[in-house]
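Please look over the structure shown here before reading on.

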Protein chains: 2
Amino acid sequence: MTQAKPVQVDEQIGWLNKGLGALEQLATSEQIVRLGWNLLREDLSLPAAVLYRDRIEHNLRWMQRFMNAYGARLAPHGKTTMAPRLFQMQIEGGAWGITLASAHQAMVAHAHGVRRVLMANELVGRRNMQVIAELLKDPDFEFYCLVDSAAGVDLLGAFFSERGLSIRVLLELGVMGGRCGVRNEEQLGATLEALARWKGVVDLCGVELYEGVLKDEENIRGFMRRACAVTSELVAQGRFARGPALISGAGSAWYDVVAEEFSAAKFGDPVEIVLRPGCYITHDVGNYEVQQKRILASNPIAREMQSGLVPALHIWTYVQSVPEAELAIVQMGRRDAAFDSGLPTPALHVRPGNTEPQPTSARWEVTKMMDQHAYLKIAPEDDVRVGDMVGFNISHPCLTFDKWRVLSILDEKYNVVDVVQTYF
Amino acid sequence: MTQAKPVQVDEQIGWLNKGLGALEQLATSEQIVRLGWNLLREDLSLPAAVLYRDRIEHNLRWMQRFMNAYGARLAPHGKTTMAPRLFQMQIEGGAWGITLASAHQAMVAHAHGVRRVLMANELVGRRNMQVIAELLKDPDFEFYCLVDSAAGVDLLGAFFSERGLSIRVLLELGVMGGRCGVRNEEQLGATLEALARWKGVVDLCGVELYEGVLKDEENIRGFMRRACAVTSELVAQGRFARGPALISGAGSAWYDVVAEEFSAAKFGDPVEIVLRPGCYITHDVGNYEVQQKRILASNPIAREMQSGLVPALHIWTYVQSVPEAELAIVQMGRRDAAFDSGLPTPALHVRPGNTEPQPTSARWEVTKMMDQHAYLKIAPEDDVRVGDMVGFNISHPCLTFDKWRVLSILDEKYNVVDVVQTYF
């Protein structure tokens, strides 16, 4: 599959975005890099979200190697970053395609040259279907979405048959109390019947699930085995319009377990395994760090590799007030960083004029975030002044990326070496 | 103060934004309106955030009348929406200026024609100060920011004096355990001393506080009285470089109490009262609804007006799965709506083909949101199908607006009559 260069969109970056340096007009990221901005020289308006180039590249290599070891295709979930420049890095690094969550997101990816999209979601609504129908006019565009009900299949069938088009789908499996997906034999049967009615219009190409709705490994392994059994059964029944059929799962927390189960299964015919972690590209210091420790301890492939994923995204900002001996207020709020699965954690501290940020005291802690401010607990003896710069790690990349329209990529000297745009 | 029309920015709307209808290229909102999109005809890609024109206009009038009754200036907090088209409606409706939270936000407002900005925050950092210094080259631009420490005043003084500029500031008062602001006489004295050192460069024009860090009315009234006393004292000492001096407070929850206290105070010289609620423009069905009930019950001015603020922002989306008798999954997640002070609440339900959305059952409830999905609890007897459209009220406008780059404004027939862009 050739990955065409982006041709449909204007990649220029607007001067009214937050987190940038001085820009008087629209500029490409290449033009911006030539301006020579440096974070530590205070060239950026803080707060700013930054990515560290070497860490991003490390994480890209790490996950691709992991997937290769299991013979699995990597289709990173692009909803995490919605940054087509990062999609491109993922594809150039060996990814099979990009996973996305909505018709809008698929449109963004296609406009930026992505030619294989797994929309790990049901496609519903007239305008959303129109968006996908438009993309399918491109003969090089390979697209899959999910179905989990006869009603959904019928809506797709009616829309696409009317336009003389066909659409490829994966059957989504689910669990009671979970999100989407067929729960039982009755729902499965009804969905397959609907697919049979719309043969040639709605083409069943595989089986999909999202294990992240379950919380413990045993249940997840059980769910995977059910998915493998359903897939084998459908292979045996000749239900798939694609050869090999696809089996897809895996968020950013349990991809190791999914890889183990899927790669150990016997499906009869060959089946292509497509796994979809998304957060690995920046990793975090929160839930995914916890999961990564588990993976490094338990997974033989991960153990073999020299190091694990590393946090690659920081929010840098200023201390704007030190109103109490144990309290600094920094300019970073719920408008700048995720707060849904842990608050940001202080990482680096530097006073303007210095070029070597120091690790922050282990005592420091963000205790609260408002829309535009965070409360940073310090100790009275800590040397913290108004105007100091602090870099924070984050927990949950997805809800941090969507706070930023541009993120700078930095080299090890904190020079801006690229700027990526997001399209949320 | 004349409000110049926006001249510095390209107001065109990109076709890759979520929540829009079919758009093949950049278009102005006027061009988009001529396309005749209608929400109920499924012309928009859902999820979409929409504003109801009549409700927005009602809320604008309501708050301006409230402020006028107290002789207070309204400087709505623009960080809520970051939508310059809404800023313009606020200013045309009588607002004195726009409040903002950062140098970036001030730049956005200025670029769109706003000529009086109260940055209700400390200005820290070289690039942030440069942004403001650039704006101050415009002789029609009136700008205030906050100071709460000698260190902060010194940094401003050094930066602006070096460039032969001066900057107007308000002294921020704070409370122990609160956010920014001087806590005590010692901090107050040190800040005033620094201001005296930088006379002619850092000009003290008033006093500011944010009462929203306190949770009960009695403490808030006490804080207001302290602010009035400090202001009177500074008036008596001739500390202000502006006549009349400013006194400013009020978020979206306690503006009535602040208006009462400030308007009842005796300052010696005339003092201009500047209040800064921001969420009133869309209101919500959450914390601000609770506060509004209190205000309507207790405030004489609010009681006189015929109705209170009304919720003016909905997220519309599709049911994508009904996998269990009491569970529907809708395409709306933490990427689309605030979830920090209550989840969205179902409001309207319509099946495509119908033109009259019906109020949703009181039994329906959002029980959980993931990044791109919400779990909607229904009853087995409810008529809910895949492909149905549901409109949701939200709690906390600020963290909903920042999920959207464009929001459509609808008339009472759900026609798109305007499109506003945000600049987060």
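A residue counts as buried when its relative accessible area is under 20%, as exposed when over 50%, and as partly exposed in between (1.4 Å probe, protein chains only). This is a predicted model, in which local features need pLDDT of at least 70 and side-chain atom pairs count only at pLDDT 80 or more, whereas totals for chains, interfaces and linings use all residues. Residues are numbered from 1 along each chain as its sequence is written, chains are lettered from A, and side-chain values use heavy atoms, with hydrogens and water left out. Helices (H or I, at least four residues) and strands (E, at least two) are DSSP runs, numbered from the N terminus.

**A strand in chain A**
- Strand S5 (residues 142-147) of chain A has 6 of its 6 residues buried, so it is largely enclosed by the rest of the structure.
- On one side of S5(A) lie Glu142(A), Tyr144(A) and Leu146(A), and on the other Phe143(A), Cys145(A) and Val147(A), all of them buried.
- In a regular strand, side chains alternate between the two faces of the sheet.
- S5(A) pairs in the parallel sense with strand S4 (residues 116-122) of chain A over 4 bridges, where pairing requires that DSSP finds at least two bridges between the two strands.
- Arg116(A) has Glu142(A) as its bridge partner in S5(A).

**The sheet in chain B**
- Chain B holds an open sheet of 8 strands in the order S2-S9-S8-S7-S6-S5-S4-S3, with parallel pairing.
- The edge strands, S2 (73-74) and S3 (98-100) of chain B, each pair on one side only.
- Strand S7 (residues 202-208) of chain B pairs with strand S8 (residues 245-249) of chain B in the parallel sense over 3 bridges.
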